[in-house]
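Me: I'd like to learn how to read a contact between two chains. Could you walk me through one?

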Amino acid sequence: MKGILDYVPGSSFLHRLNPLVKLLLAFVLCAACFVTGNHFIVLGVIALNLALALSAGILGRALRMLRSLLKLSALLFLVQIFFVREGATLLALPLGICITDLGLSFSLLFVLRLLAAALPLGLMLSVTQTSDIPNVLVRRLGLPYQYAFVLGTAIRFIPLFAQEMAGIMEAQTARGVEFDTGNFFKKVALLLPLCAPLLVSSVRRIEGGAISAELRGFYLRGRKSGYKDYPFALRDLCALLGGACALALAVLF
Amino acid sequence: MIQLKNLGFRYSGAERLALDGIDLTVEDGAFLGLIGSSGAGKSTLCYALSGIVPHHYRGDFYGEARIEGMDSAEHRPEELSRVLGCVFQDIDGQMVASVVEDEILFGLENFGVPRDEIEGRVTQALAAAGISELRGRLISELSGGQRQKVAIAAITALRPKIIVLDEPTGELDPRSSRRVFETLKELNEKHGVTIIVVEQKIMLLCEFAKRLAVMEEGRLILEGEVPAVLQSAGRLEAAGVNIPRVTTLARALREEGLYGGKLPLNLDEGEAMMREVLRPC
Amino acid sequence: MLEFERVFFGYEGQSATLKDLSFAIGEGEFVALLGENGAGKSTLCRLANGLLKPSAGRVLALGMDTKQVKTSLLARDIGFLFQNPDRQICQNSVRAEILFGLEIALADEAARRARCEEMLELFSLSGERDPFGMSRGERQQIALASVLARAPSLLILDEPTTGLDYRECMAIMGIVAQLHQKGTTILMISHDMEIVADFAGRALVLSEGGLIGDGPVRRIMRDEALLGRASLLPAQIPALGARLGGPYAEAFSVEELLSLAVGKKGEKERAEA
């Protein structure tokens with residue numbers, strides 16, 4: 001089964017960008033969402049992301065990411081909207097709870113930012129081979145390989161963890177634990193005891209990975225060991241300029 | 001060549017010895033099957049061969065393990081791994097990359113193999129494992145058998161003289177298991193690689209391995225050519241090791257006084273035995 | 001007990017994993033599910049207890065349509081043992097683990113405790129031990145004990161002996177056989193044809209998501225062509241019997257072949273006399 005963050009092979013513009021540029025672009029787009037206070041700019045970033053996803057042939061996945069974030073967003077939106085007391089009251093509810101125009105605007109921005117900031121990271125992971133990220137950081141930025149490797153491993157473990165968690169939940173459902181409940185809070189409460197098996201299997205895994213890496217000369221690796229070069233091309237410059245424009249717009253408005 | 005002399009090891013905090021006075025010599029070009037019940041010390045022996053014991057896992061270590069003349073207590077695992085490669089049980093845990101090619105490159109890059117040599121090594125390792133067509137594929141999309149072969153190719157690319165595998169067919173179906181062993185056989189016969197494989201599936205060992213070593217509670221209780229070891233079927237059963245059904249049948253026939261020949265190891269030999277037993281007078 | 005009616009299933013965004021499966025398993029049967037990796041065996045088992053719902057067709061488990069009942073409810077009567085016990089075990093002592101599995105099934109605490117002790121005894125397990133440090137075979141036994149504590153009427157086993165040594169394997173299968181004798185219905189995935197020959201009564205053979213064989217193990221085991229399509233080889237003794245032909249073709253176990261050989265010896269001796 002394929003996780004939502006796994007690499008999708010391809011040869012689109014986005015795929016062929018230098019991994020470092022992809023990384024930078026993702027961060028610039030995230031940053032743009034947070035420096036701006038303009039709802040439309042944030043919406044624009046989301047639209048830009050979807051357009052990029054379309055060009056890389058992974059629009060379906062981008063929409064799935066949005067959908068899976070929607071539930072959490074709705075929850076955060078509700079919490080936020082009742083929390084903000086400043087501004088003109090739009091709707092007064094019993095127990096002194098009210099919804100204000102500022103609250104509405106703030107919560108909306110908050111949730112839009114969450115969606116807009118999560119997308120570029122997800123997209124970046126989808127179009128980048130995981131081993132390219134540490135490799136390019138070592139080759140182009142001179143980051144010590146050991147740190148880069150840990151970063152790469154962490155990224156690679158996300159889908160493995162997700163898979164393991166799904167397997168654990170499946171096993172627990174099959175023994176009668178009610179994970180198939182619709183109640184979100186109940187589900188969270190049921191998840192807590194499962195941290196133990198997840199931890200056990202993760203520790204075993206990481207241990208195995210560490211030994212295997214050690215045996216394949218992990219400690220011998222130097223900066224010059226990389227096989228791939230990751231040269232920069234014109235398209236990388238274009239992508240960076242595009243990112244800079246988006247950030248500039250965000251700062252200005 | 002591997003020489004183990006009175007090798008012993010106790011994990012720190014453990015009560016009993018995981019390895020207890022192991023004496024074993026593995027010649028160049030051998031295909032050795034290592035068998036025994038769980039907890040018998042098979043995995044620890046693999047660790048000791050690769051230097052993981054005593055360098056990674058600490059504990060009381062005694063005796064001596066020489067891999068191609070290198071004393072494992074003095075040489076670090078990454079030095080030993082230039083001559084001895086390991087493939088472990090958890091296939092997914094030992095992968096470091098998401099694409100097949102990168103997985104093979106990892107070790108080559110680490111060992112600083114010259115760039116102009118890398119391409120040839122990758123191509124050859126993939127071909128030797130019979131997975132040339134998988135080069136650009138995502139590891140997560142491969143079947144268990146294919147992933148196991150990727151793990152093997154990642155090791156063979158480093159051209160070790162010896163490869164140690166810990167239950168490589170654990171989760172595979174009969175066909176994929178056979179294919180993994182066929183790959184090992186080819187490495188052994190065509191490329192002269194010494195193979196040491198821990199395996200529970202006795203039938204595969206009977207077919208592919210040349211020698212068998214049996215472990216029980218940290219000790220090596222039997223070692224020799226496969227047919228010779230199988231002759232001590234009773235000793236194997238006591239150690240919790242499965243034996244082929246034709247061998248069980250032969251022992252039962254012996255008890256009935258119907259058969260006095262050597263114990264059969266596979267179907268063909270079993271058939272020959274039965275034809276002899278059932279021969280009309 | 002378990003009924004598949006023209007069941008189709010496909011994971012999201014992939015072609016169908018299972019195609020048009022129909023079969024029924026009656027009470028008290030011991031069914032082995034055979035096929036190569038990726039044939040759809042695990043998917044079939046997950047459909048049987050409602051972890052997955054069919055995309056078309058109907059699955060009736062214990063008379064209930066799995067689409068209309070929650071899996072956690074079905075789990076009270078359908079035990080499911082996974083290949084990897086680590087995913088199931090989540091408590092730090094054997095006793096706590098078995099009690100955790102019982103919490104959902106039994107309301108009365110005294111009854112739970114009694115049942116738990118019963119299981120510890122049946123499996124000769126020590127309740128205080130921490131499962132973390134135990135071998136895979138021992139953990140698999142704990143997982144099985146916890147599943148069996150609820151006394152399921154249908155037990156599904158997904159490669160229960162993978163990664164176990166021969167002794168551990170026989171310990172698990174011994175208990176499963178005991179349960180079967182007491183009337184529990186069993187559906188078991190296994191690659192080990194010796195185990196299938198020794199324990200199962202009926203076999204279902206899957207290949208590329210379709211059911212290509214269904215019948216008594218004794219018949220399926222002799223159908224080398226069928227097994228070959230699922231890339232399986234028959235168990236050694238039935239294969240030997242088939243090669244010898246004649247009266248030996250029916251021999252299925254070491255004991256059967258032995259008694260035939262002993263009979264033949266008797267014949268020879270009478271002829272000589």
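**Reading the A–B interface**

Reply: Gladly, and let's start with one pair: A:Arg216 makes a salt bridge with B:Glu103, their closest N and O atoms lying 2.7 Å apart. A salt bridge here is a side-chain nitrogen of Lys or Arg within 4 Å of a carboxyl oxygen of Asp or Glu. This is a predicted model, where local features need pLDDT of at least 70 and side-chain atom pairs count only at pLDDT 80 or more, while totals for chains, interfaces and linings use all residues. Residues are numbered from 1 along each chain as written, chains are lettered from A in the order written, and side-chain values use heavy atoms, without hydrogens and water.

Me: How many salt bridges does the rule find across the interface of chain A and chain B?

Reply: The rule finds 2.

Me: How much area do chain A and chain B bury between them?

Reply: The size of an interface is often given as the accessible area lost when the parts come together. Chains A and B bury about 3,200 Å² (accessible area with a 1.4 Å probe, summed over both), and 52% of it is on carbon and sulfur atoms. On the chain A side, A:Leu215, A:Arg216 and A:Tyr227 lose the most area to chain B, together 29% of what that side buries.

Me: What scores does the model have?

Reply: ipTM is 0.85 and pTM is 0.84.

Conventions:
Buried area = accessible area lost by both parts, 1.4 Å probe.
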